[in-house]
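These are my notebook entries on a single chain model. I record here what I looked up, entry by entry.

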Amino acid sequence: MSQATETTLVGTSALIERLLKGQFICRTTDEDGWRALKNPDTRERVEAYLNQINRTIGSAGEGEVFFCGYQQLGESERKVISSQFKDICNALIPLVEWLVLVQEGSGQDAPLSEGAAVRLTELQTRIEDTPAFREQLAKISHYRLFGSTSSNVDAQIKLVFKRLVELGYLTKPNAEKQIFIATGKLDYLYEVIRFIDETEGLSLEAQAETATQRDLV
């Protein structure tokens, strides 16, 4: 490996570590890392390094979201992927129902996607003023993914959003403000939903349409 290449990899070591930890790199979560991976030369060098350990750069959201995948699949790699996929599938229903609630509660025409802001206080007010939304939130918050035991809207919604930050679907740039930004992991989730819908015939698209979410999948 040349000295120039070594220097470049040292400069991108934090980015490589994030990818290997399973994080999703997008403009919202890591703009510097995102710009680095959008650069063909840098991406090629990171890819070359990852290939040495049977990893590769994957992308979602029309090339705007990056993550780390396996280059070749052996038995151990398949077990890891199967476990990860199972986790996502177990979380699908609560996540899709939450996306429906946010879209309906915010009066948006399109589903939440990377870079979009959710103002918690405004959403909470609309939910509190609408019985159907309160019922939806209560149901969502009590799923195992979120694990709320509260009957209070304020406690329910704050726990749900806190958990979504922990899971990487949202980020909260300012600790003092109740404004959350959607990350590229949501765009990855949409692609997983499409894949499941196409391969498993689960009719998620029909279900989403029933929930007035025609653009969700």
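**Entry 1. Salt bridges**

I searched the whole structure for salt bridges and found eight, a salt bridge being a side-chain nitrogen of Lys or Arg within 4 Å of a carboxyl oxygen of Asp or Glu. The model is a predicted one, in which local features need pLDDT of at least 70 and side-chain atom pairs count only at pLDDT 80 or more, while totals for chains, interfaces and linings use all residues. Residues are numbered from 1 along each chain as its sequence is written, and side-chain values use heavy atoms, with hydrogens and water left out.

I looked up glutamate 166 and noted a salt bridge with lysine 162, the closest N and O atoms lying 2.8 Å apart. Both residues belong to helix H8, four residues apart, about one turn of the helix. For helices I used DSSP runs of H or I with at least four residues, and for strands runs of E with at least two, numbered from the N terminus. Glutamate 166 also meets arginine 163 in a salt bridge, at 3.4 Å from N to O. This pair, too, lies in H8, three residues apart, about one turn of the helix. Arginine 163 is partly exposed, with a relative accessible area of 28%; I count under 20% as buried, over 50% as exposed and values in between as partly exposed (1.4 Å probe, protein chains only).

I then recorded a network in which salt bridges with shared partners join Arg27, Glu31 and Arg35. Arginine 27 is partly exposed at 43% relative accessible area, and glutamate 31 is partly exposed at 33%.

**Entry 2**

I looked up strand S1 (residues 55–60) and strand S2 (residues 65–70), which run antiparallel and are joined by six bridges. Two strands pair if DSSP finds at least two bridges between them. Among the bridge partners, serine 59 has phenylalanine 66 in S2, and glycine 58 has phenylalanine 67 in S2.

The two strands form a hairpin with four residues between them, and glycine 61 in the turn has a positive phi of about 60 degrees. I also placed glycine 63 in the loop between S1 and S2. Glycine 63 is partly exposed at 22% relative accessibility. Its C-alpha is 9.6 Å from that of cysteine 26, with 37 residues separating glycine 63 and cysteine 26 in sequence.

**Entry 3. The three-stranded sheet**

I noted an open sheet of three strands in the order S3-S5-S4, with antiparallel pairing. Which strands stand at its edges? They are S3 (117–119) and S4 (170–171); each has a single partner strand, so one side of each is left without a neighbour in the sheet. Three bridges join S3 to S5 (residues 179–182), and alanine 117 stands opposite isoleucine 181 in S5.

**Entry 4. The largest pocket**

I computed about 1200 Å³ of space in the largest pocket. On a 1 Å grid over the protein atoms alone, a pocket is an open set of points where a 1.4 Å probe fits, with protein on both sides within 12 Å along at least five of seven lines; lining residues have an atom within 4 Å of a point. Grid points are joined across faces, edges and corners, and the volume is the space filled by probe spheres set on the points.

The lining holds 38 residues, of which Gly22, Phe24, Gln84, Ile88 and Tyr188 lie nearest the centre of the pocket. Elements that each supply at least two lining residues include helix H2 (13–20), S1, S2, H8, S4 and helix H9 (184–200). Helix H5 (75–106) is also one of these elements, and H5 gives the most to the lining, with eight residues.

**Entry 5. A surface patch and a buried residue**

I found a nonpolar surface patch of about 240 Å² made by Leu20, Tyr49 and Ile53. Patches are made of residues with over 30% relative accessible area and no salt bridge, where like charges are joined within 9 Å and nonpolar side chains (Val, Leu, Ile, Met, Phe, Trp, Tyr) within 5 Å. The areas come from the Shrake-Rupley method with a 1.4 Å probe; for residues, only the protein chains shown count as cover. Tyrosine 49 lies in helix H4 (residues 40–51) and is partly exposed at 32%.

By contrast, isoleucine 157 in helix H8 is buried, with a relative accessible area of 2%. The C-alpha atoms of isoleucine 157 and isoleucine 127 are separated by 9.5 Å, and the two residues are 30 apart along the chain.
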